Amino acid sequence: MQTTHSLLTLGGVCVQRIDFDPTTFDNADLLWLPHHAALSHASAKRKADHLAGRIAAAHALQNFSINAVPGIGPNGEPLWPAGFAGSISHSGSQAFALAVKRDNALVGIDGEQLIAAQEAVEIQDGIINPQEKTVLMRTGYPFAVALTLAFSAKESLFKALFPRVNTYMGFDCACVTNISRSTLTLSLARPLAGFSHHHPFILHWCENNSGVITLLCE
């Protein structure tokens, strides 16, 4: 599969970025992955996305002179080497990953293509509550952009918290309380993973082509 590696800085954190052409994917490309057999029944798109994400993750670990590729956990989560925490995301024809040498770190990254305007209206109730909608409407961004940002930020938070809670978290677990030009604040709607009700998490974000990227790293 044809790929191009580059770096992205978000919130002062270096993120590995892989641009890839899924039409050039071949099943033989997966043999590079130690866990390639686990993907044997996946669709070609899923295989290409997964491969690109793991290539980005491998670059992230190489920064620490670690030659490894995160495996797949029982819930599909990446399994990082002992002593490391990290996160992977793919969106369209791009994949992103970062790793930190601290296994208790909160790390979550998510890239999302922009939700279409009509779709945003139709699905908003599954992502935000009325109070959050007020916050989004005050940003001055088109509603579809703000909703995409809220969706992505919650995905990043869930990825960061998953190693601690080890269970599914719905979009009602956290609420958007503030959005600035480069950060977004989420507040827990109930105690979770050892954090209290209303505990704030500040995520960094940026626009990316026709979408957004959000990052929590603390």
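How many residues does the hairpin that joins S8 to S9 pass through? The hairpin joins these two strands through 3 residues. The structure is a predicted model, in which local features need pLDDT of at least 70, side-chain atom pairs count only at pLDDT 80 or more, and totals for chains, interfaces and linings use all residues. Residues are numbered from 1 along each chain as its sequence is written, and side-chain values use heavy atoms, with hydrogens and water left out.

Helices (H or I, at least four residues) and strands (E, at least two) are DSSP runs, numbered from the N terminus. Two strands are said to pair if DSSP finds at least two bridges between them. On this basis, S8 and S9 are paired in the antiparallel sense over 5 bridges. Within this pairing, Ile179 has Leu184 of S9 as its bridge partner. Strand S9 is also paired with S10, again in the antiparallel sense and over 5 bridges. Here Leu184 stands opposite Leu203 in S10.

Strand S9, which comprises residues 183-188, is mostly covered, since 6 of its 6 residues are buried. In a regular strand the side chains alternate between the two faces of the sheet. In S9, Thr183, Thr185 and Ser187 point one way, while Leu184, Leu186 and Leu188 point the other way, and all are buried.

With a relative accessible area of 18%, Thr183 is buried. Contact is defined as heavy atoms within 4.5 Å. Leaving aside residues up to four places away in sequence, Thr183 touches Asn178, Ile202, Leu203, His204 and Trp205. Of these, His204 is 21 residues from Thr183 in sequence, and the C-alpha to C-alpha distance between the two is 4.4 Å. The side chain of Thr183 also makes a polar contact with the side chain of Ser180, at 2.7 Å. A polar contact is a pair of N or O atoms within 3.5 Å; within protein, one must be able to donate a hydrogen and the other to accept it, and residues adjacent in sequence count only if both atoms are side-chain atoms.

A pair of aromatic rings is described by the distance of the centres and the angle of the planes. Rings of Phe, Tyr and Trp (its six-membered ring) pair if their centres lie within 6.5 Å; planes under 30 degrees apart count as stacked, over 60 as edge-to-face and the rest as tilted. By this rule there are 5 aromatic pairs. One of them is the edge-to-face pair of Tyr141 and Trp205, with 5.7 Å centre to centre and 85° between the planes. Tyr141 lies in the loop between helix H3 (130-137) and helix H4 (143-165), and Trp205 lies in strand S10 (residues 200-208), so the pair ties together parts that are 64 residues apart in sequence. Tyr141 is partly exposed at 26% relative accessibility, whereas Trp205 is buried at 6%. The rings of Phe151 and Phe171 have their centres 5.0 Å apart and their planes at 35°, so this pair is tilted. The pair links distant parts of the chain, 20 residues apart, with Phe151 in helix H4 and Phe171 in the loop between H4 and strand S8 (174-179). Phe171 is buried, with a relative accessible area of 17%. Ring pairs link Phe151, Phe158 and Phe171 into a cluster.

An open sheet of 4 strands has the order S1-S2-S6-S5, with antiparallel pairing. Strand S1 (3-10) and strand S5 (85-91) stand at the edges with a single partner strand each, so one side of each is left without a neighbour in the sheet. S1 and strand S2 (residues 13-20) are paired over 8 bridges in the antiparallel sense, and Thr3 stands opposite Phe20 in S2.

Most residues other than glycine have a negative phi, and most peptide bonds are trans. Ala193, although not a glycine, has a positive phi of about 55°. Ala193 is found in the loop between S9 and S10 and is partly exposed at 23% relative accessibility. Asn209 likewise is not a glycine and has a positive phi, of about 50°. Asn209 is placed in the loop between S10 and strand S11 (211-217), and at 66% relative accessibility Asn209 counts as exposed.

Note on methods
Buried means under 20% relative accessible area, exposed over 50%, partly exposed in between (1.4 Å probe, protein chains only).
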